[in-house]
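Here is a walk through one protein model, taken a step at a time. Keep the structure in view and find each residue as it comes up.

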Amino acid sequence: MLDIYTVSFFGHREVEHFLYVEKQIERIIKELLATKEYVEFLIGRNGEFDQMVSSAIRRVKGKYRNDNSCHTLVLPYETAEYRNNRQSFENYYDNIDIFENSDNTHYKAVFQKRNREMIDRSDLTVFYLERRFGGAYQTFEYARKQKKEMILISNEDNDFTEKCTTKN
């Protein structure tokens with residue numbers, strides 16, 4: 001039976017140190033592809049960080065190894081962008097999951113519900129954090145309470161990394 005290792009990525013919408021963060025993401029992806037039998041990458045599509053991670057996944061898979069992973073977009077609900085561009089989405093991502101538990105949930109709250117489901121499905125969570133507020137930080141706190149294995153990426157000059165415990 002195939003051993004599937006699931007990894008989810010979360011970060012702030014805007015990336016302040018793009019090249020540094022991108023290099024860290026590429027290194028993590030390359031290591032996972034080299035050391036795991038099969039990797040499922042879970043990613044949203046809500047800002048620069050998500051777009052950077054998706055591009056890095058595609059680039060690293062194409063350059064190093066493309067036979068042991070799946071790049072999955074997890075949408076909080078079916079968006080107009082997705083409906084109007086379904087074929088483009090299906091060409092870019094290996095799988096597209098639409099969060100099914102969004103009924104009767106405020107459209108802003110559904111993102112946190114989706115993020116928690118991604119955390120619950122994951123063996124590893126990768127975070128890009130520069131501050132202690134916002135959706136990415138709330139998701140980080142949830143993952144920490146769930147005692148998930150985490151990797152925290154932060155600006156080289158930011159003391160946030162030292163102040164956050166990523167292993168419980």
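**Salt bridges, rings and loops**

The side chains of E78 and R83 meet in a salt bridge, at 3.8 Å from N to O. The model is a predicted one. A salt bridge here needs a Lys or Arg side-chain nitrogen within 4 Å of a carboxyl oxygen of Asp or Glu. Is E78 buried or exposed, or something in between? E78 has 32% relative accessibility, so it counts as partly exposed. R83 is partly exposed too, because its relative accessibility is 43%.

Now step back to the whole chain. The protein has 168 residues, and 46% of them are buried. It holds seven helices and six strands. Read from the N terminus, the order of elements is β-α-β-α-β-α-α-β-α-β-α-β-α.

Return to the charged pairs. How many salt bridges does the count come to? The count is ten. One of them joins E81 to R45, with the closest N and O atoms 3.1 Å apart. This pair links distant parts of the chain. E81 sits in helix α3, residues 80–84. R45 sits in the loop between β2 (38–43) and α2 (48–63). The two are 36 residues apart. Burial runs from under 20% relative accessible area, and exposure starts over 50%. E81 is at 41%, so it counts as partly exposed. R45 is at 26%, so it also counts as partly exposed.

The side chains of E141 and R144 meet at 2.6 Å, N to O. Both residues lie in helix α6. They are three residues apart, about one turn of the helix. Elsewhere, salt bridges link E22, E26 and R59 in a network.

Next, look at the rings. How many aromatic pairs does the structure hold? It holds nine. F127 and F140 form one that is edge-to-face. Their ring centres are 5.3 Å apart, and the planes stand at 90°. This pair, too, links distant parts of the chain: F127 is in strand β5 and F140 is in helix α6, which covers residues 135–145. The two are 13 residues apart. Both F127 and F140 are buried. They also belong to an aromatic cluster, which F10, F127, Y137 and F140 form together.

Now move to the surface. Which residues gather there in a patch of negative charge? They are D3, E37, D123 and E149. Take D123 as the example. It is found in the loop between α5 (109–121) and β5 (124–128). D123 counts as partly exposed because its relative accessibility is 34%.

Several other loops are worth a stop. Start with Y77, in the loop between β3 (69–75) and α3. Its relative accessible area is 29%, so Y77 is partly exposed. Y77 and R114 are 37 residues apart along the chain. Their C-alpha atoms are separated by 9.1 Å.

G47 lies in the loop between β2 and α2. G47 has 22% relative accessibility, and therefore counts as partly exposed. The C-alpha atoms of G47 and H12 are 7.5 Å apart. Along the chain, 35 residues separate these two.

N68 is in the loop between α2 and β3. Is N68 buried or exposed? N68 counts as buried, because its relative accessibility is 2%. Between the C-alpha atoms of N68 and E40 the separation is 8.7 Å. Along the chain, N68 and E40 are 28 residues apart.

End with a backbone detail. Most residues other than glycine have a negative phi. K147 is not a glycine, yet it has a positive phi of about 60°. K147 lies in the loop between α6 and β6 (149–153). At 61% relative accessibility, K147 is over the 50% cut-off, so it counts as exposed.

Methods
Residues are numbered from 1 along each chain as its sequence is written. This is a predicted model: local features need pLDDT of at least 70, side-chain atom pairs count only at pLDDT 80 or more; totals for chains, interfaces and linings use all residues. Side-chain values use heavy atoms; hydrogens and water are left out. Patches are made of residues with over 30% relative accessible area and no salt bridge: like charges are joined within 9 Å, nonpolar side chains (Val, Leu, Ile, Met, Phe, Trp, Tyr) within 5 Å. Accessible areas come from the Shrake-Rupley method with a 1.4 Å probe; for residues, only the protein chains shown count as cover. Lys and Arg count as positive and Asp and Glu as negative; His and the chain ends are not counted. The place of a charge is taken as NZ of Lys, CZ of Arg, CG of Asp or CD of Glu. Helices (H or I, at least four residues) and strands (E, at least two) are DSSP runs, numbered from the N terminus. Buried means under 20% relative accessible area, exposed over 50%, partly exposed in between (1.4 Å probe, protein chains only). Rings of Phe, Tyr and Trp (its six-membered ring) pair if their centres lie within 6.5 Å; planes under 30 degrees apart count as stacked, over 60 as edge-to-face and the rest as tilted.
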